[in-house]
Amino acid sequence: MEEDEFFGEKTFQHCCAEFIRHSQQIGDGWEWRTLKDSSEGYMCKTHFQIKPETLMSHSGASACVQTCLPIEEALELPLDDSEVTETTTGSQVIKYEYHVLYSCSYQVPVLYFRASFLDGRPLALKDIWERIHECYKTRLLQEPWDTITQQEHPILGQPFFVLHPCKTDEFMTPVLKNSQKINRSVNYITSWLSVVGPVVGLNLPLSYARAASEDE
Amino acid sequence: MTDDKDVLRDVWFGRIPTCFTLYQDEITEREAEPYYLLLPRVSYLTLVTDKVKKHFQKVMRQEDISEIWFEYEGTPLKWHYPIGLLFDLLASSSALPWNITVHFKSFPEKDLLHCPSKDAIEAHFMSCVKEADALKHKSQVINEMQKKDHKQLWMGLQNDRFDQFWAINRKLMEYPAEENGFRYIPFRIYQTTTERPFIQKLFRPVAADGQLHTLGDLLKDVCPSAVAPEGREQNEPRLKTDSRSEQE
């Protein structure tokens, strides 16, 4: 429909295209999926994480250091004796899927995600919660705009977890206003995802920010 | 709105006669009789089936019971869809009563949302009301309401209280005198033939030339495959609308 809005669907798709272009340059794995017979689409990324068993069994401060390593890095770690016995079994590799969709009701992007073990068993929210870094847990509990609920993915029709979109423009507006003030262009998706992503285990390399300010 | 009161009441008090049968592989201590219930079209399965749950749990052992879920002819029923929608989508061409199968194990994680409590149903319902108001009024009406008004809306639905519900909902169905309608019409179109669960798009109630849009205009615009082209005899799919706070 009409694009009289601040962040309409066309702008969303444009920002995603720029974002994915950079993702392809650095091999970050984001893809665009279009819907059949439609101009609509969404962005998605899948990644796998290993959690070394030993760290989970410690109590105290060390347990808070959630070393969720990407597979490539984990395999490069020198294994000491205690870790050698805890071989990474299938049950400790977790597949995360992240989808960025556009909400025409709120006119903002929305982050959908789910996680499962390799055998297909889905992780419950509390399992995902445990794997989030401590500093984000505090923020999640304090900031109501970061509420996570389980909802039906509007395109796939399957259960996903969602970061609630209704307060997105509250924290995005100052970012965008400031970028106008200092006359430096910003990619809405890059800025938004860099804020909400880490809360659910999704990190953006800094090069995205440099790429955004170069795009005109 | 007052002229439509009869229609609003008919929609609110719509019921579907349903027969609940326990899944044959559930472990019971004695035979489970089917349970009959009139389900409100405008409500949600997990909100109105406490008696169904109690009835079947009476013949089962605690250790054989986990989260309840419902299924119709092999399709898990999404509790977060209104009951009337589920029936119209899946069973409207079958004879009554609607035959639903009750399960207490093997929850289909990939298909259904969990429903841990009544609070989860309330949160889902309010989230739908809020999203609809974002479309109708840029969220102004819902955000100006007090928490107790939100609560009254929910309690009205939960306790089947038409007047209690509409005392609040009527504010969500108003628009300023100078406007011809809402900003956008909150609607979703469900079809069994499509992959995506529903169609939802921005759609204004008034055209650029000031003419009021009709339901036919909306369908032609967002779901043209469902509408017969001009001047051709064709089997038109029956259209059912479930008017609650989201739709006229």
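Across the interface of chain A and chain B, the rule finds nine residue pairs in polar contact, with both residues at pLDDT 80 or more. The largest share of the side of chain A that touches chain B comes from strand β6 (residues 148–152) of chain A, which gives three residues. By class, that side of chain A has nine nonpolar, nine polar and five charged residues. Keep in mind as you read that this is a predicted model.

**Where the two chains meet**

- Start with the contacts: 23 residues of chain A are in contact with 26 residues of chain B.
- About 2,000 Å² of area is buried between chain A and chain B, and carbon and sulfur atoms give 48% of this area.
- The rule also finds two salt bridges across the interface of chain A and chain B.
- You can look for the salt bridge in which the side chains of A:E40 and B:R196 meet, with an N to O distance of 3.2 Å.

- How many salt bridges does a search of the whole structure find over all chains? The search finds 17.
- In one pair, the side chains of A:E18 and A:R21 meet in a salt bridge of 3.0 Å, N to O.
- Is A:E18 buried or exposed? A:E18 counts as buried because its relative accessible area is 16%, which is under the 20% cut-off.
- In another pair, the side chains of A:E97 and A:R114 form a salt bridge, 3.0 Å from N to O.
- That pair links distant parts of the chain, with A:E97 in strand β4 (residues 93–103) and A:R114 in strand β5 (residues 108–117) of chain A, 17 residues apart.
- A:E97 is buried, because its relative accessible area is 11%.
- A:D127 forms a salt bridge with A:K126, and the closest N and O atoms of the two are 3.6 Å apart.
- A:D127 is buried, because its relative accessible area is 18%, whereas A:K126 counts as exposed at 58% relative accessibility.

**A buried lysine in chain A**

- Now find A:K45, which sits in strand β2 (residues 41–50) of chain A.
- Why does A:K45 count as buried? The reason is its relative accessibility of 9%, because buried means under 20%.
- The side chains of A:K45 and A:D28 are joined by a polar contact of 3.0 Å.
- Leaving aside residues up to four places away in sequence, A:K45 touches A:D28, A:G29, A:W30, A:Y96, A:E97, A:Y98 and A:L202.
- One of the residues that A:K45 touches is A:E97, the partner of A:R114 in a salt bridge.

**Helices and a charged network in chain B**

- In chain B, helix α8 (residues 162–172) has these buried residues: B:F162, B:F165, B:W166, B:I168, B:N169 and B:L172.
- What do the buried residues of α8(B) pack against? They pack against α1 (5–12), α5 (118–137), α6 (140–144) and α7 (147–158) of chain B.
- Helix α7 of chain B is where you will find B:M155.
- B:M155 counts as partly exposed because its relative accessibility is 29%.
- Although B:M155 and B:E122 are 33 residues apart in sequence, they are 9.1 Å apart in space, C-alpha to C-alpha.
- Elsewhere in chain B, a network of salt bridges links B:R61, B:E63 and B:D64.

- An unreviewed UniProt entry lists residues 119–174 of chain B as "domain: Autophagy protein ATG5 alpha-helical bundle region".
- In the model, residues 119–174 of chain B are 84% helix and 0% strand, and the end C-alpha atoms lie 28 Å apart.
- The UniProt annotation "domain: Autophagy protein ATG5 UblB", also from an unreviewed entry, covers residues 184–228 of chain B.
- Over residues 184–228, chain B is 18% helix and 0% strand, with the end C-alpha atoms 25 Å apart.

Note on methods
Residues are numbered from 1 along each chain as its sequence is written. Chains are lettered from A and ligands numbered from 1 in the order in which they are written. This is a predicted model: local features need pLDDT of at least 70, side-chain atom pairs count only at pLDDT 80 or more; totals for chains, interfaces and linings use all residues. Side-chain values use heavy atoms; hydrogens and water are left out. Contact means heavy atoms within 4.5 Å. Buried area is the accessible area (1.4 Å probe) that two parts lose on being put together, summed over both. A salt bridge is a side-chain nitrogen of Lys or Arg within 4 Å of a carboxyl oxygen of Asp or Glu. A polar contact is a pair of N or O atoms within 3.5 Å; within protein, one must be able to donate a hydrogen and the other to accept it, and residues adjacent in sequence count only if both atoms are side-chain atoms. Helices (H or I, at least four residues) and strands (E, at least two) are DSSP runs, numbered from the N terminus. Ala, Val, Leu, Ile, Met, Phe, Trp, Tyr, Cys and Pro count as nonpolar, Asp, Glu, Lys and Arg as charged, and the others, Gly among them, as polar. Buried means under 20% relative accessible area, exposed over 50%, partly exposed in between (1.4 Å probe, protein chains only). UniProt positions are given in the numbering used here, feature names are shortened, and annotations may be inferred rather than shown by experiment.
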